[in-house]
Amino acid sequence: MTPEETKELLRHKTEEAPSDCACKTELQSRNSLIVSQAVNRGIFTSHASPATKRICLILGEEEEPKTPLLFTELDELFHVNEKELHWKETARWIKFEEKVEEGGERWSKPHVTTLPLHSLFELRTCIERGTLLFDLEASNFKDILETVVNNEITNGNLKTVLKEKVMYVLLRNHRHHIKKSRMQTMVDLWRSVSCANKSAPLNYNTTADFTNDISVNPLQEQLNNKFKKQIPEGAEATNVLVGEVDFLDKPFVAFVRLKEATILGALTEIPLPTRFLFILLGPKAKAIAYHQIGRAVATLLTDELFHIVAFKAKLREDLLAGIDKFLDEVTVLPPGKWDPTLRIAPPKILPSLHKRKSAYSHSFKVHMHKGSHIHHEERYGSSLHVAEDLKRTGKLFGGLINDIKRKAPWFASDFYDALNLQCLSAVLFIYLASVTNAITFGGILGDATDNMQGIIESFLGTAIAGAVFCLFSGQPLTVLGSTGPVLVFERLLFNISRESALDYLEFRLWIGIWTAFFCLILVATEASYLIQYFTRFTEEGFCTLISFIFIHDAFQKMFQLAENYPINSGYNNNRVTLYHCSCSPPTDNVTSLFNKTTEALVNSSNMDSVNWSSLTKKDCLKIGGQLVGETCDYIPDIALISFILFFGTFVCSMSLKNFKTSRYFPAAVRKLISDFSIILSILIFCGVDVLVGVDTPKLIVPSELKPTNPQREWFVYPFGRNEWWMCFIATVPALLVTILVFMDQQITALILNRKEHKLKKGAGFHLDLFWIAILMILTSFTGLPWYVSATVISLAHIDSLKMETAKSAPGVEPTFMGVREQRVTGLLVFILIGLSLCLAPILKYIPMPVLFGIFLYMGVSALSSVQFMDRLKLLFTPAKHQPDLIYLRHVPLRRIHLFTLLQVLCLVLLWVLKSTAAAIIFPVMLLALVGIRKAMECIFSRHDLSWLDDAMPEKENKVLEEKTDKSISSNESEDSEYLYLQKGPDINISVN
């Protein structure tokens, strides 16, 4: 044994187990390397590994400028008939891998890269032994290669006589897999055949000019490549070149990072500036190993953390540390337990870079503190959702002044930010939804108040109040409208006024004045701060109630329609000749009311001259005739077609809304169909109604601007009809209305301003409540309905304006960017509602069942994303079929069921109170939900509530004590993957 071999053996003596068999020197070196790396990060060391320390230092540096996204292309060296060399693109990455499928001549679907573990160790060896050039200044590909080859020669890794051959190989033409037209494909085929006939034998011994086959400028086909539309702005390129040659006896490896990203001619499939370059040329018979190493370096550079390390690396050890930390996170799939040919589909939710950084920092801190307590500052649902908008100033109207100062700088942008086609879709959708809401609740309110407030008042009030609110409010995305709880109170108030012989509108005026006064007091004292006590328990109960009201009203209207147009269920086709309906003169037992109507229309002297059998149904009833026959009460097909339109609109709206996730048509077409899903559904089924030709009930819009009840005027006087002291009695019901308005308005505002909506212009809780108070005075004096935030329609509005990234990498779901915050859509909606009196000739063609289908769509969609509904499904789902919800990992199932059943009980109680004579205390019950949630802390532990609900405010010392007592949970390793999940939305109602 030589002295050198003896020294090598002694150096690795402590790291290698004794072995009876002799191993090759190369294998010994690799095994020693792996063992040493394992020791540095092993369980037998109490200190942090050097890789961990180095990565923490790199990640702790300033991140400006932000590292751009990388497009990585893998090119491999191919021999054509032993006469020609060229580089051919075989795979590409942005976030996930896409391979060139030779048989199908197409790109594969994006999939998660699966690598042999051995390729990562080989790559580490390549980085350790190869040439590394950081911040190289070069303007073209040939200069880069000159620098790399000269560096390899200087380091003794390449013989000088091989320089020409290496340069010749690296400068061969690059063939990219770009989708071409059929004509271009035929031309390329002819050129390849003609060139093949003239090819000369391969000769590496070229002149010193090193003939460059790569175009200095991008080719036209690269400039026209449609794939560039999927690459975000500012992206840069990484070129990975691997191949085998017959003139090298050891690998030629180089990793280059350019100081300034530069477009290297036709080197890349898409003309992007290249930032990184990895070259691997090696001896023959190892093509598969080179291929896997190329895939390994491409995969590393698509990893967000290694990407940052590669950008900031200054030494070779920095890259090696990045590879080591990548290996720490690698998950090994045992052979024989899975099919390596299967492609793993990209996940819908990618790991959060922030969480991964936190994991490294946490691991480092654990070693530094040697087991001391490390506190978790963020837990699912445990943080208080008190925004900056709700911090108390301690000054009179301090919150209102801050809201005005916060929103004033954004006022101009609230108009020009609406210049987008998506806003047009939102205007049409919300307009039809608001018109339907105004007609539905206006009709119900007219029935409940003897037409003191009817459809015309509902239209006028919605237009005026909504337009003023959208123009001056703190959150213009809020849509005002009549709501179920307010409607319940209006019905009770009218009944009380009628039973007590009071003038309804005058008594209602004083209630509105006092309510506005109490709301202004709440604004002055910054009482909106109290909404921090409205946790998800309260929000979900309220939202579910409103959604159920929408669903209930939709079905109730359809059942009423079926009663007005009944189906002849006893129809017998054999008795069709016996069925008839005719008009006959009135008999003596006609009611007095009917006789009075008849006298006003037809004189008794002319009754005998009427040909009753020739009259139509309308004329017969008009002059007091009677319909006689078995089929007089039945109108064929209307009920059936109405239900078809009702359910058809609902199903079509749901399907078209989700069409953007389908695989048909280009992405732009799918998005356009999804944005206009509601409008398309309405148009489709309006067309179906026209084609069928059945006289279904249509939208009826008033054509005259006059009160529904002719006995009332447009202005309500405060005195004259009731006793003067009734103005003070009105303070009692005004307190209940104040609670109702405050709860209804602020819960909706709280949901709209949740962090998951990514609103950038801030909220305006105090400013919104201020304008609600002002509008309540206006509507009370004019006898118009009271308006607050319509929860479901407001959520439909905000969801219809959600923005996603226009460009997303293949396999990556579009990223939610926020909401188009502006005032124009809401303002146009309410202007159109005011102009609906002029649009009556057009709107009369819209069937009411179609609009009721939209009502059902909004109610069901609002329920679909509420966590309460997910937990409700768990009651009927066997444990083995339950989804992997995050709270199921931390809270026992029986506790989850108990929490859900308590919510169900509260919801049932609210519904019963709303539907009975006890509805007068309905506002108090809404407020009682907060107390019930507080009392639940006696039943559930803080741990359970932190996962199932939000935390409620506590005294400052208790909060600090709780933070001090927190430590790393024993099951952190089991749920460590949760560190990479972003906090889920507390409530996310997806409506449009």
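This is a predicted model: local features need pLDDT of at least 70, side-chain atom pairs count only at pLDDT 80 or more; totals for chains, interfaces and linings use all residues.
Q: In which helix does isoleucine 729 lie?
A: Residues are numbered from 1 along each chain as its sequence is written, and side-chain values use heavy atoms, without hydrogens or water. Helices (H or I, at least four residues) and strands (E, at least two) are DSSP runs, numbered from the N terminus. Isoleucine 729 falls within residues 726-729, which form helix H25.

Q: Is isoleucine 729 buried, partly exposed or exposed?
A: Buried means under 20% relative accessible area, exposed means over 50%, and partly exposed is in between (1.4 Å probe, protein chains only). Isoleucine 729 has a relative accessibility of 42%, so this residue counts as partly exposed.

Q: How much accessible area does the nonpolar patch with Ile729 have together?
A: Areas come from the Shrake-Rupley method with a 1.4 Å probe, and for residues only the protein chains shown count as cover. Phe719, Trp724, Trp725, Phe728 and Ile729 form this surface patch. Their accessible area together is about 590 Å².

Q: What share of the accessible surface of the chain belongs to carbon and sulfur atoms?
A: The accessible surface of the chain comes to about 49,400 Å². The share of carbon and sulfur atoms is 60%.

Q: What share of the residues in the chain is buried?
A: The chain has 992 residues. It has 36 helices and 15 strands. Its buried residues make up 48%.

Q: What is the mean pLDDT of the chain?
A: A pLDDT of 70 or more is reached by 74% of the residues. Some stretches stay under 50, including residues 1-33 and residues 366-386. The mean for the chain is 75.

Q: How many contacts beyond four places in sequence does the model have for residues 366-386?
A: Contact means heavy atoms within 4.5 Å. Residues 1-33 have 14 contacts beyond four places in sequence. For residues 366-386, the number is 55.

Q: Is glutamate 457 buried or exposed?
A: Glutamate 457 sits in helix H16, residues 455-472. Beyond four places in sequence, its contacts include Arg712, Trp714 and Tyr787. Its relative accessibility is 0%, so glutamate 457 counts as buried.

Q: How far apart in space are alanine 310 and phenylalanine 134, C-alpha to C-alpha?
A: Alanine 310 belongs to helix H10, residues 304-312. It is buried, because its relative accessible area is 0%. In sequence, alanine 310 and phenylalanine 134 are 176 residues apart. In space, C-alpha to C-alpha, the distance is 9.5 Å.

Q: Which helices are among what covers the buried residues of H13?
A: Helix H13 spans residues 398-407. Its buried residues are Gly398, Gly399, Leu400, Asp403 and Lys407. Their cover includes helix H18 (504-524) and helix H27 (765-782).

Q: Which residue meets aspartate 414 in a salt bridge?
A: The whole structure has 24 salt bridges. In this one, N and O are 2.8 Å apart. Both partners are buried. The side chain that meets aspartate 414 belongs to lysine 761.

Q: How many residues apart are glutamate 490 and arginine 508?
A: Their side chains meet in a salt bridge of 3.2 Å, N to O. The pair links distant parts of the chain, with glutamate 490 in helix H17 (residues 484-499) and arginine 508 in helix H18. Glutamate 490 is buried because its relative accessible area is 2%. The two partners are apart by 18 residues.

Q: Which residue forms a salt bridge with aspartate 944?
A: The closest N and O atoms are 3.7 Å apart. Aspartate 944 has a relative accessible area of 8%, so it is buried. Its partner is arginine 895.

Q: How many disulfides does the structure hold?
A: A disulfide is a pair of cysteine sulfur atoms within 2.5 Å. Cysteine 519 is buried, because its relative accessible area is 1%. Cysteine 652 has 15%, so it is buried too. The number of disulfides in the structure is 0.

Key. pLDDT is the predictor's confidence in each residue, from 0 to 100. Patches are made of residues with over 30% relative accessible area and no salt bridge: like charges are joined within 9 Å, nonpolar side chains (Val, Leu, Ile, Met, Phe, Trp, Tyr) within 5 Å. A salt bridge is a side-chain nitrogen of Lys or Arg within 4 Å of a carboxyl oxygen of Asp or Glu.
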